[in-house]
Amino acid sequence: MNSKTISQGILQAIAVLVGISGLLYFLWAIQSVIVYIIIAAVLSLIARPMTIFLRTKLKFPNTVAVVVTMIFFIGLLSGLIRMFIPLISQQGANLSLLNFNELMNDTEKITYHLNEYFLAYNINIIEEFKNLDLVSKFKELPVLLNSIISTAGSLSIGLFSVLFITFFFLKDSQIMHNSILIIVPDKNEKRVEKSLNTIKDLLSRYFLGLVFQISILFIIYSISLSVLGIENAIVIAFLCALLNLIPYIGPLIACALMVFLTMTSNLGQDFRTEILPTTIWVLIWYVFAQLIDNFFSQPLIFSKSVKSHPLEIFLIIIIGGLLFGVVGMVLAVPAYTVLKVILKEFLADNKIVQSLTKNI
């Protein structure tokens with residue numbers, strides 16, 4: 001091997017490294033666009049059954065079916081935004097910088113009532129919470145809200161971009177399909193195409209299953225909160241149901257949020273006879289909803305949509321959380337489903353792959 005060959009190899013290696021670095025920088029620079037595409041892809045998978053129904057059963061032209069579907073989803077989104085306005089104006093005002101004292105007063109009242117109740121059982125919760133420095137934690141909330149407000153313009157642009165991309169994903173359903181096939185070698189094109197169709201079908205059913213799961217929780221939460229006379233019951237119910245999209249952690253956050261909003265909405269009443277019993281009933285209904293979700297909704301979603309055993313899903317979600325945090329937990333099941341389909345198509349003779357993909 002002469003010096004010329006060595007130098008050419010070094011130059012080629014440097015060129016590859018520079019190319020990879022440039023590609024990574026480019027992807028980092030357009031990360032917001034990538035996020036828009038991913039969200040639009042998910043929305044198109046959710047809306048796909050409705051578009052197919054309008055096109056095949058009602059004989060709508062493709063463009064008309066897509067427009068009707070988009071109008072339906074935009075109307076649904078507008079309704080959700082309008083639904084959240086009362087909660088934002090009422091509960092969110094306490095978190096603003098000008099009303100920080102009001103928030104602290106509400107928190108102190110709840111803490112005082114709780115401590116007074118538990119003192120009867122020789123438990124001083126105020127002493128237990130002194131070392132947690134909660135005040136400093138609350139002071140960070142106005143900063144967070146100011147940051148959210150400052151990005152409102154970017155969110156509006158992002159929303160428009162997502163809706164625009166979703167429209168064309170629905171109208172030209174093969175656009176991403178064909179884009180992937182362009183970079184695939186001809187000898188693997190049919191296998192990749194088969195995998196893409198299977199992935200599209202499984203993920204569409206999975207995301208629809210999640211909508212079904214959230215809807216069940218929302219109905220149970222909204223009925224229970226309304227019967228108990230909690231203000232903004234529908235908004236709180238939807239927000240807590242939506243948090244269940246985060247596996248394991250989301251239900252805990254939703255429970256804490258529901259209890260907090262229940263207590264703050266009844267601060268003018270007696271703690272022992274009104275606030276505490278109402279909160280206990282809210283917790284009972286919440287546990288009931290979680291039992292329905294854990295033993296009915298989730299097994300149905302995972303077994304019928306992504307064809308995976310609940311234990312298998314549990315382990316994948318835990319691994320995703322350990323590797324990538326909350327985002328990993330949310331994306332673990334879709335990513336695992338895609339991986340299983342690809343493995344089945346290209347490594348069908350492997351015993352482990354056969355065991356994991358036997359239901360697909």
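This is a predicted model: local features need pLDDT of at least 70, side-chain atom pairs count only at pLDDT 80 or more; totals for chains, interfaces and linings use all residues.
Helix α13 covers residues 310-346, which is 37 residues. A straight helix at 1.5 Å a residue would reach 54 Å. The end C-alpha atoms of α13 are only 25 Å apart.

Where does α13 bend? The bend is at F324, and the angle there is about 150 degrees.

## Annotated transmembrane regions

An unreviewed UniProt entry places the feature "transmembrane region" at residues 9-28, 34-54, 66-88, 143-170, 206-228, 234-263, 275-293 and 313-339. Such annotations may be inferred rather than shown by experiment.

Two of these spans can be set side by side. Residues 9-28 are 100% helix and 0% strand, with end C-alpha atoms 28 Å apart. Residues 313-339 are also 100% helix and 0% strand, but here the end C-alpha atoms lie 13 Å apart.

## Salt bridges

How many salt bridges does the whole structure hold? The search finds two.

One pairs R205 with D201, and the closest N and O atoms are 3.3 Å apart. Both residues lie in helix α9, residues 189-227. They sit four residues apart, about one turn of the helix. An α-helix has 3.6 residues a turn, so residues three or four places apart point the same way. R205 counts as partly exposed because its relative accessibility is 33%. D201 has 35% relative accessibility, so D201 is partly exposed too.

The other pairs K340 with E312. Here the closest N and O atoms are 3.6 Å apart. Are these residues buried or exposed? K340 is buried, and E312 is buried as well.

## Cysteines

How many disulfides are there? The count comes to zero. C240 is in no disulfide, and the nearest cysteine sulfur, that of C255, is 8.5 Å away. C255 is likewise in no disulfide; for C255 the nearest cysteine sulfur is that of C240, 8.5 Å away. The cut-off for a disulfide is a pair of sulfur atoms within 2.5 Å.

The two cysteines have separate accessibility classes. C240 has 0% relative accessibility, so C240 counts as buried. C255 counts as partly exposed because its relative accessibility is 21%. Buried means under 20%.

Conventions:
Residues are numbered from 1 along each chain as its sequence is written. Side-chain values use heavy atoms; hydrogens and water are left out. Helices (H or I, at least four residues) and strands (E, at least two) are DSSP runs, numbered from the N terminus. The expected span of a helix is 1.5 Å times one less than its number of residues. The bend at a residue is the angle between axes fitted to the seven residues ending there and the seven starting there. Buried means under 20% relative accessible area, exposed over 50%, partly exposed in between (1.4 Å probe, protein chains only). A salt bridge is a side-chain nitrogen of Lys or Arg within 4 Å of a carboxyl oxygen of Asp or Glu.
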